[in-house]
Amino acid sequence: MNAWNGAWESAGPGGVRIRTTTPRDHRRIVEVCDDWWGRPVAHILPRLFLDHFHTTCLVADDPHLAGFLVGFPSPSLPEEAYVHFAGVAPDHRRTGLARELYRLFVEAARTDGRTVVRAVTSPANERSIAFHRSVGFTVTGPHAGYDGPGNDRMCFTLRL
Ligand SMILES: CC(C)(COP(=O)(O)OP(=O)(O)OC[C@H]1O[C@@H](n2cnc3c(N)ncnc32)[C@H](O)[C@@H]1OP(=O)(O)O)[C@@H](O)C(=O)NCCC(=O)NCCS
C-alpha cells in the first residue's frame, strides 16, 4: 500500500491525518487557497484535477484542511510524475508538513516506476523555490515564456 492506493492514510507532523483525496476535496481546497497564498490562485485548480487525478493527490486534515498536494503520474511520459499545486495552511507551516506530503508522493512515484518528479513555479515565489531546493529538487530558470507569452517559470526536477 502507498499514497496512490485508495483508502490509504497516515499520520503527519503534529498529528494531522494525511490521506489520498476524493473528488469532494476540490471544494475544500479552492475555498482556502486564495487566503493561503494571499492572492487569487483558485483558477490554477479547476475541478478536473480532483475528478480525474484524485487517486494520486493528498490532503492533510486536522480536521480542517491543513495541507494538500495535487499531482499525478504523467500518462504521456512514463518516467515522470508531476506536482501541479501544493500548499500548507499558514498555521501549519514550517512543521515539515509539505516535506512529508512530497515524501509520500515521491515514494508512490518511485513504487510506480517513475524516475523523475517535476514541478514549476513563478520566479516571484521565493518560498516555493526555497522549499523545493530544501527537499532536494534541482532548480533552473527563470525560463522566459515557459507557460506562454509573459509567463516565465522556475522549473524543479527531482531524479529518483
Ligand atoms: C511552500 C510551502 C508549501 C512550504 O510548506 P511547509 O509545510 O511550511 O514546508 P516544510 O515545513 O515542509 O519546510 C521544509 C523546508 O523547506 C524550506 N522552507 C519552507 N518554507 C520556507 C520559507 N518560507 N522560507 C525559506 N525556506 C522555507 C525550509 O528549508 C524547510 O525546512 P526547515 O523548516 O527545517 O528549515 C508553504 O509555505 C506554502 O503553502 N506556501 C504558499 C503556497 C505556495 O507557494 N505553494 C508553492 C508550491 S510548494
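Author: Contact here means heavy atoms within 4.5 Å. This is a predicted model, in which local features need pLDDT of at least 70 and side-chain atom pairs count only at pLDDT 80 or more, while totals for chains, interfaces and linings use all residues. Residues are numbered from 1 along each chain as its sequence is written, and side-chain values use heavy atoms, without hydrogens and water.

Reader: Which residues is Leu-97 in contact with, leaving aside its neighbours within four places in sequence?

Author: Leu-97 touches Pro-13, Val-16, Ile-18, Ala-60, Ala-66, Gly-67, Val-88 and His-92.

Reader: How many residues does the largest nonpolar core have?

Author: In soluble globular proteins, nonpolar side chains tend to be buried together. A nonpolar core is a set of buried (under 20% relative accessible area, 1.4 Å probe, protein chains only) Ala, Val, Leu, Ile, Met, Phe, Trp, Tyr and Cys residues joined through side-chain atoms within 4.5 Å. The largest one has 28 residues, and Leu-97 and Phe-105 are among those with the most contacts inside it. A second, separate core of 16 residues includes Leu-45, Val-59, Leu-65 and Phe-72.

Reader: What is the geometry of the aromatic pair that Trp-4 and Phe-105 form?

Author: A pair of aromatic rings is described by the distance of the centres and the angle of the planes. Rings of Phe, Tyr and Trp (its six-membered ring) pair if their centres lie within 6.5 Å; planes under 30 degrees apart are stacked, over 60 edge-to-face, the rest tilted. The count by this rule is eleven aromatic pairs. Trp-4 and Phe-105 are edge-to-face, at 5.3 Å centre to centre and 70 degrees between the planes. Both Trp-4 and Phe-105 are buried.

Conventions. Buried means under 20% relative accessible area, exposed over 50%, partly exposed in between (1.4 Å probe, protein chains only).
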